[in-house]
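Me: Can you walk me through this one? I have the sequence and the coordinates open.

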Amino acid sequence: MANLTKTQIRRKVEKLREQLEDLRMEIESLKDEIQDEADNIEPYENKYELTEQQEERKEWLENAVNNLEYALDEIDNATSYMEELDY
């Protein structure tokens, strides 16, 4: 088994951080699309309230947004831990 140098480890960590940033941007984009979709749910023409199905869809979409926000927080945490390897 070959020994890893600090430089090799730092390079690998930097590459992983870049991949996490790419993933973060993709998740952020998807989250924004889902939020837009949820925000655009409106009552049908000549109606004042959403149907039960519309309410369920809106709730599902909003839950998806919340889960993606949690995932983004976890990516931020992972990135922060990885930054500590730079010392």
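**Helix packing and core**

Reply: The axes of α1 and α2 cross at roughly 160° and come within 9 Å. Keep in mind that this is a predicted model.

Me: How do α1 and α2 run relative to each other, roughly parallel or roughly antiparallel?

Reply: Roughly antiparallel, because angles over 145 degrees count as that, and α1 and α2 fall in that class.

Me: And which hand does the crossing of α1 and α2 have?

Reply: The α1 and α2 crossing is left-handed. By class, the residues in the contact of α1 with α2 are 16 nonpolar, twelve charged and two polar.

Me: OK, the core. Which residues touch the most other members of the largest nonpolar core?

Reply: Ile27, Ile34 and Leu61 do, in a core of 14 residues. The elements giving two or more residues to this core are α1, which spans 6-39, and α2, which spans 52-83.

Me: Which element gives the most to this core?

Reply: That is α2, with seven residues.

Me: What is Leu61 in contact with, leaving aside its neighbours within four places in sequence?

Reply: Leu61 is in contact with Ile34, Glu37, Ala38 and Ile41.

Me: Ile41 then. Where is the place of Ile41?

Reply: Ile41 sits in the loop between α1 and α2.

Me: Is Ile41 buried or exposed?

Reply: Ile41 is buried: its relative accessible area is 13%, and the cut-off for buried is under 20%.

Me: What is Ile41 in contact with, apart from neighbours within four places in sequence?

Reply: Leu50, Gln54, Arg57, Lys58 and Leu61 are the contacts of Ile41. As for Arg57, its C-alpha atom is separated from that of Ile41 by 8.7 Å, with the two residues 16 apart along the chain.

Me: Switching to a lysine. Where is Lys31 found, and is it buried or exposed?

Reply: Lys31 is in helix α1. Lys31 has a relative accessible area of 12%, so it counts as buried, the limit being under 20%.

Me: What does Lys31 touch, not counting residues up to four places away in sequence?

Reply: Lys31 touches Val65, Leu68, Glu69 and Leu72.

Me: Take Val65 next. Which helix does Val65 lie in, and is it buried or exposed?

Reply: Val65 belongs to helix α2 and is buried, with a relative accessible area of 3%. Residues up to four places away in sequence aside, Val65 touches Lys31, Ile34 and Gln35.

Me: What separates the C-alpha atoms of Val65 and Glu21?

Reply: The C-alpha atoms of Val65 and Glu21 are separated by 18 Å, and these residues are 44 apart along the chain.

Me: Back to the loop. What phi does Asn46 have?

Reply: Asn46 has a positive phi, about 65°, although Asn46 is not a glycine. Like Ile41, Asn46 lies in the loop between α1 and α2.

Me: Is Asn46 buried or exposed?

Reply: Asn46 is exposed, at 72% relative accessibility. Ile41, by contrast, is buried.

Me: And Asp73, where is its place?

Reply: Asp73 is in helix α2 and counts as partly exposed, at 44% relative accessibility. Between the C-alpha atoms of Asp73 and Glu26 there are 14 Å, with 47 residues along the chain.

Me: Last one. Where is the place of Ala2, and is it buried or exposed?

Reply: Ala2 is in the segment before α1. Ala2 is exposed, with a relative accessible area of 66%. The C-alpha atoms of Ala2 and Glu21 are separated by 29 Å, and the two residues are 19 apart along the chain.

Definitions and conventions: Residues are numbered from 1 along each chain as its sequence is written. This is a predicted model: local features need pLDDT of at least 70, side-chain atom pairs count only at pLDDT 80 or more; totals for chains, interfaces and linings use all residues. Side-chain values use heavy atoms; hydrogens and water are left out. A nonpolar core is a set of buried Ala, Val, Leu, Ile, Met, Phe, Trp, Tyr and Cys residues joined through side-chain atoms within 4.5 Å. Buried means under 20% relative accessible area, exposed over 50%, partly exposed in between (1.4 Å probe, protein chains only). Helices (H or I, at least four residues) and strands (E, at least two) are DSSP runs, numbered from the N terminus. Contact means heavy atoms within 4.5 Å. Axes are lines fitted to C-alpha atoms, for helices over the stretch in contact, and angles run from 0 to 180 degrees between N-to-C directions. Angles under 35 degrees count as roughly parallel, over 145 as roughly antiparallel, 65 to 115 as roughly perpendicular and the rest as oblique. A crossing is left-handed if the near helix is turned anticlockwise from the far one by less than a right angle, and right-handed if clockwise. Ala, Val, Leu, Ile, Met, Phe, Trp, Tyr, Cys and Pro count as nonpolar, Asp, Glu, Lys and Arg as charged, and the others, Gly among them, as polar.
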